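Please open the model in a viewer and keep the selection panel at hand. The stops below are meant to be taken in order.

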Amino acid sequence: MMARLKRRAWLSAGNLALGILLLWAGWHLFDWAVLQAVFLPDASACHALEGAGACWGVVAEKYRVIFFGRYPLEEQWRPLLAIFVMLGLLGASAIRRRRGRRLALLWASGLTVFLLLLKGGLFGLANVDTPRWGGLPLTLMLTVFGLGGAFPLAVLLALGRVGRWAALRALCTVFIEIVRGVPLVAVLFMAAFLFPLLMPKGWDIPSLLRVLVGIILFAGAYMAEVIRGGLLAVPKGQAEAAQSLGLSYWHVQLSVILPQALRKVLPALMNSAIALFKDTSLVIIVGLFELTGALGLAVDGDPKWRAFALDGYLFIAIIYWIGCFAMSRYSRALERTT
Amino acid sequence: MKLRAYALQALIVVAILLTLYGLATVVAARMRGLGVEPGFGFLGQRAGFDIGDTLIDFDAADTYGRAFVVGLLNTVAVALVAIVASLLLGAVAGLGQLARNRLFARLCVAYVELFRNVPLLLQVLIVYVLLIGRLPLPHEAWHVFGDWGPDVWLSKSGLSLPWPVWSNGALILERPVLGTFTFSGGATLTPEFIAVAAALTLFTAAYIAEVVRGSVQSVSQRQREAALALGLDEAQTLRFVVVPQALRSMIPPLANQLLNLIKNSSLAVAVGYPDLVAVADTTLNQSGHAVECIAIIMVVYLFLSLLTAAIMGGWHARLLRRQGGSA
């Protein structure tokens, strides 16, 4: 009894100390981020802070470069609209319970509009080449198109790896394990330096497309392992029953096995999507200016604002955090309903 | 029927091998066209660049091959430090999420949610900018442990600490001394190293915490109750009953996280810490041997991955053997 009381007392003393510490830290954070912070794009006010408060002014000053990279200034309503188109598509697919042909049509038209807005060259929109693309639209584009390309590749690789053909099994296994064994940076280097050597002389595939192919190969290998787990979890009887009904291999896989397998691994696939969203930040290493790279672009060359890169990075971290957190919460909600 | 399947498979394999051979020929021809002779002979040539952070002696007169060794050692160094630190932090945060102290548990959950949902690259950059921007110049360095503790200094040039060296056949502790511009003597961890190691640790530990939490929760509540009923206290229950059982299901996903950590150490290139990838990047831009440099990166990481997987697999097998059960 005494021992328990003593424990209780220690526990609450610890609680109190921790609580006070947290309150103190929380107050300082609030003080730094809000009370003392400079929200206006006033560099001299930011410098006058000497670190006592956050300089969100760097975002207010540089938001165009941060969000749109090197996209031509007078055309920036287009990437802005493209962001909303993409967010609308994602929102519509998340909210609506009915999946199927209409959703597919919506995505097809939505992505066409998205690309048309960014690229232009039609309907009187000025042409903007891919090296000028950047910021948030580029992050969204790499994530969504990366996932869209990686998913079918992953399904094929997974089917190949659990299939009956030994040669195909070996090939898929070797590909998956090699890609999973190397860092994404190495794959991006391949996209940047090796792919051009594979093209006939004079062919110039835009860097963006090459990097996208690299991302698809990388994410495809990881997702293949997730899907393989799902395929192995579907009872053997399912395939045998479908086969005995006289269905072909592809018919069995597409309408019997895969739907069950994918439902089982939906949360894990969602994790792959979150990982890919975060991994797109690496493309700065091969010279594409998505959200993370665009901030460097905005402040590195500007002596007035260079000192406030930290505040800019924190702002971007908040954007990524919201995206990832929303996705993981959505994944949990899906788990409960299916 | 069987024969046809074999024939088709053979055909696929031959077609893929031929394609690879064809691509290799094309690449070799293109490289010769650019005036670069394919092959690893260039590793013996003079590198001509300096490396800021080295564990073995290196200067611009040394070869590309030695530069790669320097890079590999740096990769291993930063990965080892981050592995040890993230295992410790991950274990604390993972068990902490289940702690009876609600406040501490909440704090651990908040930590995991915060650091898992921000890209690692961004975390590396944030820590780096923080260090570079907020630390004092060397001649105003912070004396970390005060004037009486061990001689550890923190400044823009990094963390300088005493380091044992051989001198006249005896091992002595050499202390860092402030020169005109920076510290000399002892050992110095550069801000780049600290940024990469710290960000890798914070990021990976958040994932390890989830692995630890999941495994501990998967141990049946009855086991815990039985242990408490036998008179073990809370700490003993955790140490002798819960953790040994949790370890079994913990090691495979833990191995995965360590593999990720090693691969993620390649982000060092973003802040200029000279790891293997950074050295390869410089070399391929300078010498044009892109294919060879990428091949070296891939082979080294595959080897490191296999090595880690083998070590963790061996540990897992030994644990299962000793506990005499199946996972």
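This is a predicted model: local features need pLDDT of at least 70, side-chain atom pairs count only at pLDDT 80 or more; totals for chains, interfaces and linings use all residues.

Residues are numbered from 1 along each chain as its sequence is written, and chains are lettered from A and ligands numbered from 1 in the order in which they are written.

**Domains of chain A**

Select 74–127 of chain A for domain 1, then 130–288 for domain 2; these bounds come from an automatic or database domain assignment. Their centres, taken over C-alpha atoms, are 23 Å apart. Five residues of domain 1 and six of domain 2 make the contact (C-beta atoms, placed from the backbone, within 7 Å). Next pick helix H4 (residues 77–95) of chain A, which supplies four residues, the largest share of the domain 1 side. Helices are DSSP runs of H or I, at least four residues, numbered from the N terminus.

**Chain A against chain B**

Show both chains: 39 residues of chain A meet 40 of chain B. Select H14 (309–337) of chain A; H14(A) gives the most to the chain A side, ten residues.

**The core**

The largest nonpolar core has 166 residues, and Leu188(A), Val124(B), Val196(B) and Ile297(B) have the most contacts inside it. Such a core is a set of buried Ala, Val, Leu, Ile, Met, Phe, Trp, Tyr and Cys residues joined through C-beta atoms within 7 Å, where buried means 20 or more other C-beta atoms within 10 Å of a residue's own. Helix H5 (residues 191–218) of chain B gives the largest share of this core, 17 residues.

Definitions and conventions. Two residues are in contact if their C-beta atoms, placed from the backbone, lie within 7 Å. Helices (H or I, at least four residues) and strands (E, at least two) are DSSP runs, numbered from the N terminus. A residue is buried if 20 or more other C-beta atoms lie within 10 Å of its own, exposed if 12 or fewer, and partly exposed in between; C-beta atoms are placed from the backbone.
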